[in-house]
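User: Could you take a close look at one spot in this model for me? I'd like to hear how it sits in its surroundings, and then how the rest of the chain is put together.

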Amino acid sequence: VLHPLAFLESASNSSLSESKKPNDKDSRNARGWRTYAYGTGLVVGALGGGAIALGFAPAGIAGGSLAAAWQASIGNVAAGSVFATLQSAGATSTFAWLSGTGFGTCGALGAADIYNSLSGKKSKTTEGESNAESEKTEEPKL
């Protein structure tokens, strides 16, 4: 399966000199899932936190919030409307769950990265790159 942005990778790889071209275990692919996980966690957390900040809280519409002003401008909220759906999601703690799950994912990944950097452990990607470089510099044994 081709990655949607595969053409960008091939263009950037063609401009590299032969000695700097990535090996079969491209470090960008090895780190890719973490980048996607961080990004997804941030987006999910921001959506949940943003909705709560707007006033769609688990206890109902927060007084003095944008959601309260929106509700006041609507008057009688129709069932199934966008406002009613957001209010329902807030009241069932869906936004709180999204916020905790999203930011919790980022925290767990970040804690693992911090631990690895403080303990001096190299990632599999870094070890693979250093092994590949050492193989190039070794002289042939006779």
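Gly45 counts as buried, because its relative accessibility is 0% and the cut-off for buried is under 20%. Keep in mind that this is a predicted model. Gly45 sits in helix α2, which spans residues 27-54. So what does Gly45 touch, leaving aside residues up to four places away in sequence? Its partners there are Leu98, Ser99, Gly102 and Phe103. Take Gly102: 57 residues separate it from Gly45 in sequence, yet the two C-alpha atoms are 4.1 Å apart in space.

Now step back to the whole chain. Buried residues such as Gly45 make up 17% of the 142 residues. Among contacts with a separation of 6 or more, 57% are between residues 24 or more positions apart. The accessible surface comes to about 10,100 Å², and carbon and sulfur atoms account for 63% of that.

As for the layout, the chain has six helices and two strands, running α-α-β-β-α-α-α-α along the sequence.

One helix pair is worth a look too. The axes of α3 (residues 66-74) and α4 (residues 82-91) come within 11 Å and cross at roughly 140°. The two are therefore oblique to each other, and their crossing is left-handed. On the α3 side the contact is made by Ala67, Trp70, Gln71 and Ile74, with Val82, Phe83, Leu86 and Gln87 coming from α4. Sorted by type, the residues of this contact are six nonpolar, two polar and no charged.

Terms used. Residues are numbered from 1 along each chain as its sequence is written. This is a predicted model: local features need pLDDT of at least 70, side-chain atom pairs count only at pLDDT 80 or more; totals for chains, interfaces and linings use all residues. Side-chain values use heavy atoms; hydrogens and water are left out. Helices (H or I, at least four residues) and strands (E, at least two) are DSSP runs, numbered from the N terminus. Buried means under 20% relative accessible area, exposed over 50%, partly exposed in between (1.4 Å probe, protein chains only). Contact means heavy atoms within 4.5 Å. Axes are lines fitted to C-alpha atoms, for helices over the stretch in contact, and angles run from 0 to 180 degrees between N-to-C directions. Angles under 35 degrees count as roughly parallel, over 145 as roughly antiparallel, 65 to 115 as roughly perpendicular and the rest as oblique. A crossing is left-handed if the near helix is turned anticlockwise from the far one by less than a right angle, and right-handed if clockwise. Ala, Val, Leu, Ile, Met, Phe, Trp, Tyr, Cys and Pro count as nonpolar, Asp, Glu, Lys and Arg as charged, and the others, Gly among them, as polar. Accessible areas come from the Shrake-Rupley method with a 1.4 Å probe; for residues, only the protein chains shown count as cover.
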